[in-house]
Amino acid sequence: MRFVLTSLAAFLISTSLLAEDVNLAGDRDLGDLAFQKQCVACHIVVNSSGKKLAGRNGRSGPNLHNVSGAVAGIVDGYRYGKSIVAAGAKKGLIWNEKNFVAYVQDPKSFLRLFLGDKKARAKMTYKVHREKDARDIYAYLLSLSDNQ
């Protein structure tokens, strides 16, 4: 019963949070530039057919294809930290614009607050310093997504 209620809550949260993405605050063209400057050292965007859409050869972070609307910590082939897996699998963290922007600006603090665990850790140590850049990056990633 608890699993059913948790699943239902995660579904309701994700669908309402995904609805927020309809009116994105970011600019995808500026997001492309911000992604090239701030994200490519660790991340790539490769679609399901294997075509590289963005990035160089960064592999220390997960592939960001279809990140918008996805549950956190589920990209196949990437070894996530325990905290991000718990945030996605146990607490239903969905990468909508609000969560993505908050996370990339301070991954460790975001996870500690989201999980209510002052010992939570983030493998991502880089911080996007400007909220505008984070919103633009999200809009750019959404433009490369199958989830538009």
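**Reading contacts and side-chain pairs**

Mentor: Let's start with a pair: D106 and K127 form a salt bridge, and their closest N and O atoms are 3.6 Å apart. This is a predicted model, in which local features need pLDDT of at least 70 and side-chain atom pairs count only at pLDDT 80 or more, while totals for chains, interfaces and linings use all residues. Residues are numbered from 1 along each chain as its sequence is written, and side-chain values use heavy atoms, with hydrogens and water left out.

Trainee: What is a salt bridge here, and how many salt bridges does the count come to?

Mentor: The rule asks for a side-chain nitrogen of Lys or Arg within 4 Å of a carboxyl oxygen of Asp or Glu. By this rule there are 5 salt bridges. Helices are DSSP runs of H or I with at least four residues, strands are runs of E with at least two, and both are numbered from the N terminus.

Trainee: Which residue forms a salt bridge with K132?

Mentor: That is D136, with the closest N and O atoms 2.9 Å apart. Both residues lie in helix α6, 4 residues apart, which is about one turn of the helix. The cut-offs are under 20% relative accessible area for buried, over 50% for exposed and in between for partly exposed, using a 1.4 Å probe and protein chains only. There is also a network: E97, E131 and R135 are joined by salt bridges that share partners.

Trainee: Now the rings. How many aromatic pairs are there?

Mentor: A pair of aromatic rings is described by the distance of the centres and the angle of the planes. Rings of Phe, Tyr and Trp (its six-membered ring) pair if their centres lie within 6.5 Å; planes under 30 degrees apart are stacked, over 60 edge-to-face and the rest tilted. The count comes to 6 aromatic pairs. For F35 and Y140 the centres are 5.7 Å apart and the planes at 50 degrees, so the pair is tilted. F35 sits in helix α2 (residues 28-38) and Y140 in helix α6, 105 residues apart. F35 and Y140 are both buried. W95, Y103, F110 and F114 are linked into a cluster by ring pairs.

Trainee: At what angle do the axes of helix α4 and helix α5 cross?

Mentor: Axes are lines fitted to C-alpha atoms, for helices over the stretch in contact, and angles run from 0 to 180 degrees between N-to-C directions. Helix α4 (residues 97-105) and helix α5 (residues 107-115) cross at roughly 125 degrees, their axes coming within 5 Å. Under 35 degrees is roughly parallel, over 145 roughly antiparallel, 65 to 115 roughly perpendicular and the rest oblique. The two helices, α4 and α5, are therefore oblique to each other. In contact terms (heavy atoms within 4.5 Å), N99, A102, Y103, V104 and Q105 in α4 meet P107, F110 and L111 in α5.

Trainee: Is S68 buried or exposed?

Mentor: S68 counts as buried, at 3% relative accessibility. S68 is in the loop between β2 (52-55) and α3 (82-89). Leaving aside neighbours within four places in sequence, S68 contacts W95, Y138, L142, S145 and N147.
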